[in-house]
Amino acid sequence: EFYLKDDAKGDPLVSEDVLVALYDQKMSDLQKLRELALQVNAALLPLFKTANFSLVDFKLEFGKDTKGEIVLADEISPDTCRIWDVASGKKFDKDLFRLDLGDLIQGYTEVRDRLKRVLNS
């Protein structure tokens, strides 16, 4: 899915045709964004699964470097993902804060610690 990064408009969902027609995007760039997003998904899903998390969804922001190459331009963190415990369904993402579900720092620390254990094993 593509969303227009525009706070005033509420970051609306937009089609590829709209991006090409109104925002001067190239279809080849949109295809590259899709490919990169699927690569990120393929890397993150097993990582989070091994840490006993469900990676429900995530947001990626891309930009172009000085050579015009598309690059990931934002962090991947509990602020940009929905991360739930596999067994309990407990949330370990920004919803802890937004929905007043618990201690944000404790939740983010748990994500960090579980991922560190997986990556260091």
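## Contacts and overall make-up

Of the contacts (heavy atoms within 4.5 Å) in the protein chain that have a separation of 6 or more, 37% are between residues 24 or more positions apart. The model is predicted, so local features need pLDDT of at least 70 and side-chain atom pairs count only at pLDDT 80 or more, whereas totals for chains, interfaces and linings use all residues. Residues are numbered from 1 along each chain as its sequence is written, and side-chain values use heavy atoms, with hydrogens and water left out.

The protein chain has four helices and six strands, where helices (H or I, at least four residues) and strands (E, at least two) are DSSP runs numbered from the N terminus. Their order along the sequence is β-β-α-α-β-β-β-β-α-α. The C-alpha trace spans about 45 × 35 × 25 Å along its principal axes, and 26% of the 121 residues are buried, buried being under 20% relative accessible area, exposed over 50% and partly exposed in between, with a 1.4 Å probe and protein chains only.

## Nonpolar cores

A nonpolar core is a set of buried Ala, Val, Leu, Ile, Met, Phe, Trp, Tyr and Cys residues joined through side-chain atoms within 4.5 Å. The largest one has 13 residues, and F48, F53, L55, I83 and V111 have the most contacts inside it. Two or more residues of this core come from each of α2 (27–50), β3 (53–58), β6 (81–85) and α4 (104–120).

Setting aside residues up to four places away in sequence, L55 touches L44, L45, F48, C81, R82 and I83.

## Helix α4 and R114

Helix α4 has 17 residues and reaches 24 Å from its first C-alpha to its last, close to the 24 Å expected at 1.5 Å a residue, the expected span being 1.5 Å times one less than the number of residues. Its buried residues are G107, Y108, V111, R114, L115 and V118. They lie on the same side of α4 because they cover an arc of only 125 degrees around the axis, taken from the directions from the helix axis to the C-beta atoms. Their cover includes α2, β3, β6 and α3 (95–98), while the face turned away from the buried side carries the exposed residues I105, Q106, R117 and N120.

R114, in helix α4, has a relative accessible area of 12% and is therefore buried. Apart from neighbours within four places in sequence, R114 is in contact with A51, N52, F53, D85 and F92.
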